[in-house]
Amino acid sequence: MKSSILAMALTCALVMVMVPHVFAKRYIVGGNKGWTSNVNYTVWASDKHFYLGDWLFFVYDRNQMDVLEVNKTNYENCNTDHPMANWTTGAGRDVVPLNVTRHRYFVSGKGFCFGGMKLSVRIEKPPPPPKAAPVKSDAPRMSYRSHFVLPLVFAIGAVWDSFLRVMG
Ligand SMILES: *[C@@H]1O[C@H](CO)[C@@H](O)[C@H](O)[C@H]1NC(C)=O
Ligand SMILES: *[C@@H]1O[C@H](CO)[C@@H](O)[C@H](O)[C@H]1NC(C)=O
Ligand SMILES: *[C@@H]1O[C@H](CO)[C@@H](O)[C@H](O)[C@H]1NC(C)=O
Ligand SMILES: *[C@@H]1O[C@H](CO)[C@@H](O)[C@H](O)[C@H]1NC(C)=O
């Protein structure tokens with residue numbers, strides 16, 4: 001009895017761990033090459049969709065490069081005199097949350113932008129729910145992600161409950 005409850009709780013916990021990876025994605029910029037020179041980031045980004053809630057993960061040589069966010073003009077000109085944001089933490093591993101739906105522009109300073117170390121991404125709203133999902137036409141349109149928030153809250157409650165029962 002106890003072991004089956006525990007198994008159920010563990011399954012729920014596993015599902016909870018997996019859900020965020022399915023719906024919010026963390027992109028390693030440049031894939032296995034990372035953030036470096038000699039990568040065309042326009043090509044890298046061209047087959048990807050960046051959605052609100054995703055992250056960019058810049059992995060690079062902290063002794064050489066950095067991660068600066070600039071506007072379109074300064075992206076085109078590689079002007080890093082007045083970056084809009086400096087995402088460089090010093091570890092060579094910087095995470096940028098894509099929390100606004102617009103174009104954003106990232107470059108490396110220290111001369112690397114001129115060699116092509118620049119990335120432009122368009123952040124989109126998450127896709128609408130799939131057709132199979134029942135959506136009432138008069139209900140406010142929910143995003144695909146928000147469908148999973150409520151079940152998740154119940155799942156957390158259920159897991160917590162089972163653990164209390166197993167422990168007690
Ligand atoms: C970008 O910022 C510069 C100042 O650093 C400004 O002169 C320019 O007009 C801005 N461009 C855009 C598209 O906002
Ligand atoms: C960005 O921030 C890092 C860490 O604080 C700092 O070392 C670096 O000088 C900053 N770069 C620019 C261009 O402001
Ligand atoms: C986006 O995230 C950054 C860094 O965490 C934060 O400074 C900024 O206020 C956020 N913007 C919005 C619109 O949530
Ligand atoms: C990246 O590739 C695109 C398409 O092939 C090209 O137009 C662009 O000039 C390249 N960018 C760099 C920095 O080489």
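**Figure 1. Polar contacts around ligand 1.** In this predicted model, a polar side-chain atom of T73 lies 2.9 Å from a nitrogen atom of ligand 1, a polar contact being a pair of N or O atoms within 3.5 Å; within protein, one must be able to donate a hydrogen and the other to accept it, and residues adjacent in sequence count only if both atoms are side-chain atoms. Oxygen atoms of ligand 1 are approached by a polar side-chain atom of N71 at 2.4 Å and by an N or O atom in the side chain of N74 at 3.3 Å. Of the 360 Å² of accessible area that ligand 1 has on its own, the protein covers 38% (Shrake-Rupley method with a 1.4 Å probe; for residues, only the protein chains shown count as cover). The residues surrounding ligand 1 are N71, T73 and N74 (near: a heavy atom within 4 Å).

Residues are numbered from 1 along each chain as its sequence is written, while chains are lettered from A and ligands numbered from 1 in the order in which they are written. Local features need pLDDT of at least 70, side-chain atom pairs count only at pLDDT 80 or more, totals for chains, interfaces and linings use all residues, and side-chain values use heavy atoms, with hydrogens and water left out.

**Figure 2. Surroundings of ligand 4.** N40, V43 and G116 surround ligand 4. The side chain of N40 places an N or O atom 2.3 Å from an oxygen atom of this ligand. The protein covers 31% of the 360 Å² of accessible area that ligand 4 has on its own.

**Figure 3. The salt bridge between R104 and E69.** The side chains of R104 and E69 meet at 2.7 Å, N to O; a salt bridge requires a side-chain nitrogen of Lys or Arg within 4 Å of a carboxyl oxygen of Asp or Glu. R104 belongs to strand 7 and E69 to strand 4 (residues 68–70), so the pair ties together parts that are 35 residues apart in sequence. Helices (H or I, at least four residues) and strands (E, at least two) are DSSP runs, numbered from the N terminus. R104 is buried at 4% relative accessibility, and E69 is buried at 4% (buried: under 20% relative accessible area; exposed: over 50%; partly exposed: in between; 1.4 Å probe, protein chains only). By this rule the count comes to four salt bridges.

Figure 4. E76 pairs with K72, their closest N and O atoms being 3.0 Å apart. Both residues lie in helix 3 (residues 72–77), four residues apart, about one turn of the helix. E76 is partly exposed at 46%, and K72 is partly exposed at 45%. R122 forms a salt bridge with E124 at 3.8 Å between the closest N and O atoms. R122 is partly exposed at 47% relative accessibility, whereas E124 is buried at 17%.

**Figure 5. The buried residue S108.** S108 is found in the loop between strand 7 (103–107) and strand 8 (118–124), and is buried at 0% relative accessibility. Its side chain reaches the backbone nitrogen of D66 at 3.3 Å. Leaving aside neighbours within four places in sequence, S108 is in contact (heavy atoms within 4.5 Å) with W35, M65, D66, C113 and M117.

**Figure 6. Nonpolar cores.** The largest nonpolar core has 21 residues, and W35, L56, F58 and L119 have the most contacts inside it. Helix 2 (41–46), strand 3 (55–59) and strand 8 each supply at least two of its residues. A second, separate core of seven residues includes L68, V70, Y75 and V107. A nonpolar core is a set of buried Ala, Val, Leu, Ile, Met, Phe, Trp, Tyr and Cys residues joined through side-chain atoms within 4.5 Å.
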